[in-house]
Amino acid sequence: VEVDASQHPTVLTYLGVKRASLPAFVLLDTNRSKAVHVLPAADGGGLPSVHVVVSALRRFVSGEIRAAFASEPEPEVAEQARSAMRVLVGSTYHTAAHEAAVDVLVLFHAPWCAHCTAMLSTLHQLAADHQGDEGLRVCSMKMPGNEADGLAVHIFPSLFLFPAVDVKLGRGTPGEPAPAARPGYPASAAMGKEPVLFTGVDRALPALERFLAQHRRTVHAPLMIHS
């Protein structure tokens with residue numbers, strides 16, 4: 001696709017391409033996420049050759065070339081410690097969401113979305129209620145400004161649960177095998193998790209608790225307090 005940036009300047013913002021770098025050849029993956037790789041200019045500042053483009057495209061599709069994802073600065077550690085809910089950005093999203101041994105609940109929200117504000121407040125309450133639950137992480141990520149590696153999010157608010165895949169904290173049903181032992185179930189976060197989307201109309205706290213109980217893989221053991 002050829003785009004005239006002078007006629008469509010918003011495309012540059014969408015792709016994260018600076019006007020000074022034009023002309024530019026961009027590889028864009030919109031299958032499950034917006035991943036961008038900008039090919040370096042050829043000698044003399046022109047577009048790269050057909051050979052370079054084809055070679056880069058093959059490496060991009062195979063995953064050899066790592067695409068870039070938009071990210072805001074990472075929050076300060078002290079700031080994160082003051083809240084029961086962790087704030088994710090593009091650079092921290094994948095590692096946090098795909099942590100193997102824990103269930104990770106992530107709310108994707110936009111600042112202009114009133115429904116997001118209400119759901120964010122509910123999720124803060126859920127996170128507070130589950131403080132001390134070693135098998136659960138409750139997180140939020142603001143969009144735009146951040147992009148989720150491997151996940152396309154177009155509707156706000158969107159709530160996803162990334163179930164644990166390497167469970168060490170037990171299961172709710174005695175004798176039930178851990179997910180890693182089930183045929184076709186990934187054994188580690190390196191293979192990625194398959195997120196579960198919350199599709200309920202009711203976004204009140206009890207509904208979110210039911211969604212969590214239905215799909216999470218770990219079971220919360222009460223904290224032991226020793227004298």
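**Exercise 1. State how many helices and strands the protein has, and give their order.**

Solution. The model is predicted; local features require pLDDT of at least 70, side-chain atom pairs count only at pLDDT 80 or more, and totals for chains, interfaces and linings use all residues. Residues are numbered from 1 along each chain as its sequence is written, and side-chain values use heavy atoms, with hydrogens and water left out.

Step 1. Helices (H or I, at least four residues) and strands (E, at least two) are DSSP runs, numbered from the N terminus. The protein has 6 helices and 7 strands.

Step 2. Read from the N terminus, the order of elements is α-β-β-α-α-β-α-β-α-β-β-β-α.

**Exercise 2. Determine which stretches of the model call for caution.**

Solution. Step 1. The average pLDDT (the predictor's confidence in each residue, from 0 to 100) of the protein is 80, and 81% of the residues score at least 70.

Step 1. Residues 169-191 stay under 50 in pLDDT, although the model gives them 39 contacts (heavy atoms within 4.5 Å) beyond four places in sequence. Residues 221-227 also have a pLDDT below 50, with 1 contact beyond near neighbours in sequence.

Step 2. Where pLDDT is low, the predicted coordinates should not be read in detail.

**Exercise 3. Describe the open sheet, its strand order and its edges.**

Solution. Step 1. The sheet has 5 strands in the order E3-E5-E4-E6-E7, with mixed pairing. Two strands pair if DSSP finds at least two bridges between them.

Step 1. Strand E3 (86-88) and strand E7 (196-197) stand at the edges; each has a single partner strand, so one side of each lacks a neighbour in the sheet.

Step 2. E4 pairs with strand E5 (residues 136-142) in the parallel sense over 7 bridges, and Leu 107 has Ser 140 of E5 as its bridge partner. E4 and E6 run antiparallel, joined by 5 bridges, and Val 106 stands opposite Phe 160 in E6. E6 and E7 are antiparallel over 2 bridges, with Leu 161 opposite Val 196 in E7.

**Exercise 4. Explain why E6 is described as largely enclosed, and identify the helices that touch this strand.**

Solution. Step 1. Buried means under 20% relative accessible area, exposed over 50%, and partly exposed in between (1.4 Å probe, protein chains only). In E6, 5 of the 5 residues are buried, so the strand is largely enclosed by the rest of the structure.

Step 1. In a regular strand the side chains alternate between the two faces of the sheet. On one side of E6, Ser 158, Phe 160 and Phe 162 are buried, and on the other Leu 159 and Leu 161 are buried.

Step 2. Helix H5 (residues 114-129) lies across E4, E5 and strand E6 (158-162), at about 155° to E4. Helix H6 (residues 205-215) packs on the sheet, touching E4, E5, E6 and E7, and its direction makes about 30° with that of E6. Axes are lines fitted to C-alpha atoms, for helices over the stretch in contact, and angles run from 0 to 180 degrees between N-to-C directions.

**Exercise 5. Locate His 109 and list its contacts.**

Solution. Step 1. His 109 belongs to strand E4 (residues 103-109) and is buried, at a relative accessible area of 12%.

Step 1. Beyond its neighbours within four places in sequence, His 109 contacts Cys 116, Leu 120, Ser 140, Met 141, Lys 142, Met 143 and Phe 156.
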